[in-house]
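Reader: I have a structure open and would like to talk it through with you, one topic at a time. Could you take a look with me?

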Amino acid sequence: ATVFLEFWKRRRAVLTYDWDLIDWEDEEEELRPQFEAKYSQVERVNPITGKPEPFQPFSDKLSRLMVSVSGIFFMISLVLTAVFAVVVYRLVAMEQFASFKWYFIKKYWQFATSGTGVCINFMIIMSLNVVYEKVAYLLTDLEHPRTESEWENSFALKMFLFQFVNLNSSIFYIAFFLGRFAGRPGKYNKLFNRWRLEECHPSGCLIDLCLQMGVIMVLKQMWNNFMELGYPLLQNWWSRRKMKRRGQSMENKISLPQWEKDWNLQPMNLHGLMDEYLEMVLQFGFTTIFVAAFPLAPLLALLNNIIEIRLDAYKFVTQWRRPMPARATDIGIWYGILEGIGVLAVITNAFVIAITSDYIPRFVYAYKYGPCTDQGYRQEKCLKGYVNSSLSVFDLSELGMGYSGYCRYRDYRAPPWSSTPYEFTLQFWHVLAARLAFIIVFEHLVFGIKSFIAYLIPDIPKDLCDRMRREKYLVQEMMYEAELEHLQRERKKNGKQYHHEWP
């Protein structure tokens, strides 16, 4: 992620230079008409231009910002409520599938629960996305940004927060909360005192996490490609059909000028390239934040982008009207969002490796409790007996249902015949301490590597830097020669001697 962002800064510098936007400042932007109409009665002198312009008082700006932030938190809480509803569904479905008459479903009830839960979660995600765009638009207009770039940055941040929480909240639940609070046999935690909290698959929580990410990523990319290309195709086909119904024959249509044919195409999105940026940024999050749990994500993203770059070219050339050009020196707030995702990816992957996977329990067992303790480390031999060590014992007679014997379950708890039955063992605390230590060491190490890579890669290519310095030198030389020539003419006009030197 760091290498990608650093090389993007180099690419951005080249594009900015090629389009002659090196010295273009945001102050050259015009005020939004809505801002001028709202605050035309309050003016102050712009310290940069020296001209009076409409001014938004700080108290008004702060109050509007607080209302906007409250709206953002309300929508995020709505997403979390939807995630909780999916969790409740999984608990109910788990009970139903486990007692299903069809043997195949009854045998694989955990996969059936996860699969249907993912599909329902995806439908909720796509339904809420429609609401988010309208809410983000209203909240951004309520803030009354000063310029168009400020409006776009504010709107982009809201859309990203809504979409990111909407897409990843269920994934974070499965990665870090699923099965953590289920309890133990004889003392299971239940929701509403009825449904047992869901546990991970016996093979671990990574299976559920991979299924969740794979289904959401594939379905979302397919849906986005359809909406970007299939929807304009259908709209243009419908508009051509309406024109035929109005009696316009194909001969008349062929004789129309090109600009009139283009007018019948679909208009560009009101937010410009907002949807394109948002899709790529969310995909960047999918390929970095949980890549330790779903290594297939970068490959899926690459395949999607190879297809989409051609679909977008076809869409912009044949299905949409030509967009209005606008000057910009960079991609705005999106770069800051990408950097934030890179930092979050380091933290999240550290927690996935330490908490979600079995890497740390295996490591602790091999070095502390396995047959290789104090004898060096060899992977195959040192993990012998690990499964048995990771399972605790429960006395079935404690259920009071006439059962006898013992059963095993995944946990580090003392056996029923110990002095402190079902309390956490010393191995549990060793594993917990190792997990916390791994998170701290991993984060500091990777953040150090990130900073080192960012330091090594310059933001501007050397050849471009030399060209810019050369241009600056030539401009200074031209100014020097023009000033010298002007002074020489003045001296000659006044009859004074002049020399080829700076006066």
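Reader: Is strand β7 mostly covered or mostly open, and how many of its residues are buried?

Author: Strand β7, residues 391–395, is mostly covered, with four of its five residues buried, where buried means under 20% relative accessible area with a 1.4 Å probe and protein chains only. Strands here are DSSP runs of E with at least two residues, and helices are runs of H or I with at least four, numbered from the N terminus. Please keep in mind that this is a predicted model, in which local features need pLDDT of at least 70, side-chain atom pairs count only at pLDDT 80 or more, and totals for chains, interfaces and linings use all residues. Residues are numbered from 1 along each chain as its sequence is written, and side-chain values use heavy atoms, with hydrogens and water left out.

Reader: Which strand does β7 pair with, and in what sense?

Author: β7 pairs with strand β8, residues 406–410, in the antiparallel sense over five bridges, pairing being called when DSSP finds at least two bridges between two strands. Within this pair, Ser392 stands opposite Tyr409 in β8.

Reader: Switching topic, how many residues are in the largest nonpolar core?

Author: That core has 58 residues, and those with the most contacts inside it are Phe160, Leu209, Phe290 and Trp334; a nonpolar core is a set of buried Ala, Val, Leu, Ile, Met, Phe, Trp, Tyr and Cys residues joined through side-chain atoms within 4.5 Å. Helices supplying at least two residues each include α3 (58–98), α6 (148–176) and α12 (333–356), and α6 gives the most to this core, with 14 residues.

Reader: And what is Phe160 in contact with?

Author: Leaving aside neighbours within four places in sequence, Phe160 is in contact with Leu278, Val281, Leu282, Trp334, Ile337 and Ile341, contact meaning heavy atoms within 4.5 Å.

Reader: What does the domain assignment give?

Author: The assignment, which is an automatic or database one, gives domain 1 (31–199), domain 2 (363–433) and domain 3 (461–497) for the protein chain. The centres of domain 1 and domain 3, taken over C-alpha atoms, are separated by 58 Å.

Methods
Buried < 20%, exposed > 50% of the residue type's maximum accessible area, 1.4 Å probe, protein only.
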